[in-house]
Amino acid sequence: MPTILVTGGAGYVGSHTCVELLNSGYDVISVDNCCNSSSESLRRIEMITGKKIDFYEADIRSYKMLYKIFKENKIDAVIHFAGLKAVRESVLNPLLYYDNNLCGTINLCNIMNKFGIKRIVFSSSATVYSDSSAPPFDEEMPTGEVSNPYGRSKYVIEEILKDLKTSDNAWSISVLRYFNPVGAHESGTIGEDPLGIPNNLMPFVTKVALGLLPCLTIFSKDYKTRDGTCIRDYIHVVDLAKGHLLALKEVLTKNTIDIYNLGTGVGCSVLELVEAFEEACNVKINYKIGGKRQGDLPIVYANVSKAENKLGFKTSRSIKKMCEDSFNWQIKNPLGYRQFVK
Ligand code: NAD
Ligand code: WQD
């Protein structure tokens, strides 16, 4: 079976994808500097799968370290998750985001070129779509009109990858635009572990449900949607991880560049998610309605026809399952991975 280098493999989506890769028989090497994760997640992946991951604690911006990793291993393809992802932080510190996300990716592609490994799956985001487009978003819609440096870094990386393919047709590239990943592995041993107070809805809800935070603020009920709250396309992280294996198969077997939306294609409002969570987990979520959060679009959901038709992508985990698995992870790990790490 091929050997896959997973950058950012200790993180939320990366760890779930490592599980799917190992369970499917791939050999996995991971590089992560753990700036937003813990190596404990890798130990848990090994526990779930009974298989070993070769781990390098390193920054993908280090040419020396990446050179060493490629020199020491026979790598067939890369799944590239490593990056910073907090929208607000990127507004406050754009240089950090451009340095980390852009320089990291350029360094990685340079090394891949050097070693003649030209197969890559890249984590992009629904955030690259323009707010002037009407949902559902499909891959042909315009991109680049983004409102923050995080989103711009994803847009620019997509453009760099297209240029790379134009310059050298030997590259095989899959760009995956995720919508809103939530949920956790059903064992409850790996999951999303944000540092400090979560920015994203689901980790906030699970913390309120457990009494770790007092109250959820819903960012406005004045949107032109069915209940006044924003609509998003939540996708279970295990369905998302499985999507990576389909994209990987494509880059391993074809000479291609393709962009795919990964979502469910179904929108869910904030209030609907909160209600679904209450019902699925049998808890009350204390919430209040607050003002709008800057930059939030009223409605974001995917057209997933391309991934379905070309990759055979199909999600199977419901909103109920997303809520149950998120809460199960939170209950079993109230302090995330930190309580286990010295
Ligand atoms: P995450 O923060 O949990 O995982 C990213 C991992 O990359 C972390 O383990 C972090 O330590 C590592 N990392 C960051 N910079 C690095 C560097 N320079 N060198 C080595 N490692 C580095 O985030 P995630 O939710 O798993 O997201 C994975 C990818 O998917 C990111 O690129 C993110 O932008 C993208 N994405 C995430 C979402 C989401 O909502 N989770 C949505 C769309 C796209
Ligand atoms: C979901 C909904 C909020 C928190 C972000 C990034 C995007 C992508 C996915 C990386 C929104 C509402 C939230 C809260 C709330 N990440 N909300 N109270 O903003 O859709 O997408 O993650 O690429 O780029 O922007 O996700 O989970 O933050 O918000 O009412 O405390 O929940 O307004 O409608 P978002 P989110």
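The model is a predicted one, so here local features need pLDDT of at least 70 and side-chain atom pairs count only at pLDDT 80 or more, while totals for chains, interfaces and linings use all residues. Residues are numbered from 1 along each chain as its sequence is written, chains are lettered from A and ligands numbered from 1 in the order in which they are written, and side-chain values use heavy atoms, with hydrogens and water left out.

**Ligand 1**

- Let's start with the neighbours: ligand 1 has 27 residues around it, and the closest are Asp32, Asn36, Ser37, Lys85 and Tyr150. A residue counts as near a molecule if one of its heavy atoms lies within 4 Å of it.
- Sort that shell by class and you get twelve nonpolar, ten polar and five charged residues. For this sorting, Ala, Val, Leu, Ile, Met, Phe, Trp, Tyr, Cys and Pro are nonpolar, Asp, Glu, Lys and Arg are charged, and the others, Gly among them, are polar.
- Now for polar contacts, which here are pairs of N or O atoms within 3.5 Å. An oxygen atom of ligand 1 sits 2.8 Å from a backbone N or O atom of tyrosine 12.
- On its own, ligand 1 has 820 Å² of accessible area, and the protein covers 95% of that. Such areas come from the Shrake-Rupley method with a 1.4 Å probe.
- Two or more residues of the shell come from each of α1 (12-23), β5 (119-125) and α6 (149-167). The largest share, three residues, belongs to β5. Helices (H or I, at least four residues) and strands (E, at least two) are DSSP runs, numbered from the N terminus.

**Ligand 2**

- Around ligand 2 there are 20 residues, and Ser125, Tyr150, Leu201, Arg232 and Asp296 come nearest.
- Which side chains reach its oxygen atoms? The side chain of tyrosine 150 has an N or O atom 2.5 Å from an oxygen atom of ligand 2, a polar side-chain atom of aspartate 296 is 2.6 Å from an oxygen atom of ligand 2, and for a side-chain N or O atom of asparagine 200 the distance to an oxygen atom of ligand 2 is 3.1 Å.
- The protein covers 87% of the 690 Å² of accessible area that ligand 2 has on its own.
- At least two shell residues each come from α7 (201-209) and β8 (216-219), and β8 gives the most, with four residues.
- By class, this shell holds eleven nonpolar, six polar and three charged residues.

**A pair of helices**

- Two packed helices are described by the angle between their axes and the distance between the axes.
- The axes of α1 and α2 (residues 40-49) come within 10 Å and cross at roughly 30°. Axes are lines fitted to C-alpha atoms, for helices over the stretch in contact, with angles from 0 to 180 degrees between N-to-C directions.
- Who does the touching? On α1 it's Ser15, Cys18, Val19, Leu22 and Asn23, and on α2 it's Ile45, Ile48 and Thr49, where contact means heavy atoms within 4.5 Å.
- That contact has five nonpolar, three polar and no charged residues.

**Residues worth a look**

- Proline 135 and proline 136 are joined by a cis peptide bond, with omega about 5°. Proline 136 is in the loop between β5 and α6.
- Cysteine 34 has a phi near 60°, a positive value in a residue other than glycine, and lies in the loop between β2 (27-32) and α2.

Methods:
A polar contact is a pair of N or O atoms within 3.5 Å; within protein, one must be able to donate a hydrogen and the other to accept it, and residues adjacent in sequence count only if both atoms are side-chain atoms.
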